[in-house]
Amino acid sequence: MLDSMPPYKPGKAVVSPEGRSYKLSSNESPYGPLPSVVEAVARAATEVHRYPDPGAVRLTEALAERYDVPAGHVALGAGSVAVAQQILAAVGEPGADVMYAWRSFEAYPLLADLSGARSIRVPLREETHDLDAMADALTPETRLVFVCNPNNPTGTVNRTEELRRFLGRVPGDVTVVLDEAYREYVRDADVPDGLALYREHPNVAVLRTFSKAYGLAGLRVGYLIGHEPVAAAVRKTLLPFAVNHLAQAAAIASLHAEDELLERVETVIKERTRVREALLSQGWTVPPTEANFVWLRLGERTMEFAAKCAAVGVAVRPFDGEGARVSIGDPEANDVFLAVAQAFV
C-alpha cells in the first residue's frame, strides 16, 4: 500500500544564477517572529533537557480563554496537518468515507489513505467548494468531511448562508472539520468564523494553526476546537510529547502579542490586494482570495510558468496540469514575481 501512495510535496526554495531566492511556495509569513516571542523561545530553550508538558496545559488554557470555550474542547498537535491525521486516526477506518473538495489541501488524500478510509473528492465549482454537490455526495459510510475555508490552493471562500445550508444537510453523526488555517487573513464579512458554527452544531470542529499568520511554521503547533467526543478522541491520538516545549512557549507568547502580530497580517493583506490587482491589470484571471496567496489557473502551462519563476529565483507552488499557488511575500519578492507574470501572460 505504501509503495503506491504519492508522498506529500512541500513547497521548495530556488536560487537564481545571480543568487536571488524568494520563497513564495509555502504560504509562510514573510516576517520573522516578534521579539517577545523570540525571548519566550530563548527562555524555554534553557529547559530543553526536560520533556515538554505532554498535555500542553498552559497552551490549552490560553486557547480556551482566547476563544471562550471549555478547555476540554481544545486538542493540540504538531501543526494542523498533524491534528488532521489525529482526527483521521480517530474516525478513519477501512469502509469509512472521508469527503473533501478537490482541488484542496493536498495532504487530505494522503492522510485518508494512511487511515484506510476511502476518499470522496467533489470537484470545485468556479474554484470554490461546491457545498450542494458535497451534500449530494454524502453516503451512509461518510464519517468525516473537510471544508477548507479559505481553500488551499485557490484562496476562495464559502459564506455563511451556504455553509449553514450545507451543515443542515449533514447527518449529526458525520464530523465536519472546518479547516481554517488562513482564518486570520479573511476580511470578507460574510465569511463566518468557524467557531460560531461550532457553537451551533455539535458535529462541527474547527482546525487552526500557528504556522501561517503567527509565523511559527518551523515550530509546528496546531489545534482543534470541537465538542466532546471529537476533541477527546483527537487528544487520545496525539503522540506523547509531540508538541514540543519551544512550540508551546512560542504559541503562548504569540497569543499574548496577538495585536502586534495582526498588524503584520494587515501588511500582508495590503500586499495581497496589490498583487492581485496588478495581475488582473496584466490580463490574468485571479479568483478573489481571502488567504495569503493567489491562484493562477494555468493548465498545461503550469510547469513552464514555474520554471520561468525559478529562473529568477522565485519559488511558486505548481500543481502540474492545473495551476500555481503563489504566496504573498514582502514587496521586493512580490515585484520580482509580478515581472515574471507580466512577461508570461
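1. UniProt positions are given in the numbering used here, feature names are shortened, and annotations may be inferred rather than shown by experiment. An unreviewed UniProt entry lists residues 23–338 as "domain: Aminotransferase class I/classII large".

2. A word on the basis: this is a predicted model, where local features need pLDDT of at least 70 and side-chain atom pairs count only at pLDDT 80 or more, while totals for chains, interfaces and linings use all residues. Residues are numbered from 1 along each chain as its sequence is written, and side-chain values use heavy atoms, with hydrogens and water left out.

3. Across residues 23–338 the chain is 41% helix and 17% strand (DSSP runs numbered from the N terminus: helices are H or I, at least four residues; strands are E, at least two). The end C-alpha atoms of this stretch lie 14 Å apart.

4. Now to the sheet: it is open, has seven strands in the order 2-8-7-6-5-3-4, and its pairing is mixed (two strands pair if DSSP finds at least two bridges between them). Strand 2 (74–77) and strand 4 (118–123) are at the edges with a single partner strand each, so one side of each has no neighbour in the sheet.

5. Strand 5 (residues 142–148) and strand 6 (residues 175–179) run parallel and are joined by five bridges. Val 145 is opposite Val 176 in strand 6.

6. Finally, look at Leu 131, in helix 5 (residues 131–136). Leu 131 is buried, at 4% relative accessible area (buried is under 20%, exposed over 50%, partly exposed in between, with a 1.4 Å probe and protein chains only). Beyond its neighbours within four places in sequence, Leu 131 contacts Val 147, Asn 158, Glu 162, Leu 163 and Phe 166 (contact means heavy atoms within 4.5 Å).
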